Amino acid sequence: MRCAFYTRTGPAADVLVIGERPDPVAGPGEVLVRVRASGINPADVKRRAGWNGMAMQHPLVIPHCDGAGEIVAVGDRVDPSRVGERVWMWNAQGGYGTAGRAFGTAAELIALPAEQAVQLPDAMSFEAGACLGVPAMTAYRAVFADGTVEGQTVLVAGAAGAVGHCAVQMAKAGRARVIGTVSNPAAAEHARAGGADEIIDRRQEDVAAHVLDLTVGKGVDRVIEVDFGANHAVDVAALKVNGTIASYSSTSDPKPVFDYYAFANKGANLRVIQGFAIPKAERLEGELRIAELAAQGDLRVAIARTFPLEDIADAHRAVEAGGNLGNIVVTL
């Protein structure tokens with residue numbers, strides 16, 4: 001099979017190689033998937049780059065955790081009727097803090113546990129399906145980890161990002177009022193298209209003051225946070241008493257120091273979201289909810305750009321550059 005791989009961490013153009021590897025075989029409890037699209041997430045490029053001292057976890061790595069394609073074979077203990085099924089995949093290659101799997105979705109074929117290949121809704125393309133494992137599931141967990149948001153006000157930081165865009169749509173489907181923060185007019189338009197009720201330009205406005213104005217001084221029930229290290233002071237200032245900050249990243253400061261008593265005075269809750277560590281029951285609920293939302297037209301995955309496998313280094317650089325209104329996907 002053709003695939004992309006690396007044997008050392010570093011810049012994308014220096015370490016990513018396009019080549020051939022032996023075709024994988026579905027073992028017991030596994031399915032073999034013909035990959036049609038491979039989604040790239042920030043975690044994938046951080047792992048390849050050796051971000052924050054991250055070491056190689058395997059001698060050779062085929063990158064990317066997310067992907068979509070068709071099941072072409074099954075191993076023992078897997079229903080053979082699954083052959084031909086369109087699927088999306090999650091956690092196909094490793095996770096933070098564990099050795100995880102060596103071989104991800106940047107390949108023509110992948111063998112992985114059957115439960116990690118989920119039936120792809122008919123309403124979704126392979127490219128969209130390749131963006132469900134991390135962006136959509138992280139958004140689901142961030143929005144609904146503590147129950148319903150019906151009647152609540154939710155602040156989505158980075159509402160035009162891959163996770164943020166899904167979170168806006170999910171919170172709206174959950175009957176919440178949604179306020180989104182963005183950094184430019186194009187991002188504002190993208191967030192509005194996702195259903196955000198109000199938009200705040202974080203570079204031009206005082207986010208906390210604007211939120212308090214919009215909520216008549218009460219603050220929001222929940223914050224979906226893309227960068228806790230950069231935004232925790234704003235988040236707690238905009239939070240309602242006993243509200244929750246659900247943060248799924250802290251890229252700008254991996255070891256943030258925050259004002260304990262600013263949180264304590266609000267009785268604030270901090271929930272850290274890790275897409276690689278979603279409990280099984282909640283993940284299954286999320287898979288069902290994603291399928292329902294897609295079927296209803298309430299979840300639309302934005303694709304910013306697609307790249308062929310040969311240009312995977314350019315695709316990684318596009319993710320690292322940021323500012324994409326949608327996901328970056330490699331097609332095979």
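This briefing covers the nonpolar cores and the salt bridges of the structure above. The model is predicted: local features need pLDDT of at least 70, side-chain atom pairs count only at pLDDT 80 or more, and totals for chains, interfaces and linings use all residues. Residues are numbered from 1 along each chain as its sequence is written, and side-chain values use heavy atoms, with hydrogens and water left out. The largest nonpolar core has 49 residues. A search of the whole structure finds 14 salt bridges.

**Nonpolar cores**

- A nonpolar core is a set of buried Ala, Val, Leu, Ile, Met, Phe, Trp, Tyr and Cys residues joined through side-chain atoms within 4.5 Å.
- Buried means under 20% relative accessible area, exposed means over 50%, and partly exposed lies in between (1.4 Å probe, protein chains only).
- In the largest core, the residues with the most contacts inside it are Trp88, Met124, Leu132, Val156, Met170 and Ile224.
- Several elements each supply at least two residues of this core, including helix 3 (126-129), helix 4 (132-144), strand 8 (153-156) and helix 10 (280-296).
- Helix 4 gives the most to this core, with 8 residues.
- Helices (H or I, at least four residues) and strands (E, at least two) are DSSP runs, numbered from the N terminus.
- Met124 is in contact with Arg86, Leu132, Ala294, Leu299 and Val301, leaving aside its neighbours within four places in sequence. Contact means heavy atoms within 4.5 Å.

**Salt bridges**

- A salt bridge is a side-chain nitrogen of Lys or Arg within 4 Å of a carboxyl oxygen of Asp or Glu.
- Glu85 and Arg82 form one through their side chains (2.9 Å, N to O). Both residues are buried.
- Asp146 and Arg222 form another (2.7 Å, N to O). This pair links distant parts of the chain, 76 residues apart. Asp146 sits in the loop between helix 4 and strand 8, and Arg222 in strand 11 (residues 220-225).
- Asp146 is partly exposed, with a relative accessible area of 42%. Arg222 is buried, at 4%.
- The side chains of Arg177 and Glu198 also meet in a salt bridge (3.2 Å, N to O). Arg177 lies in strand 9 and Glu198 in strand 10 (residues 198-201), so the pair ties together parts 21 residues apart in sequence.
- Arg177 is partly exposed, at 27% relative accessibility.
- A network of salt bridges links Arg2, Glu108 and Glu310.
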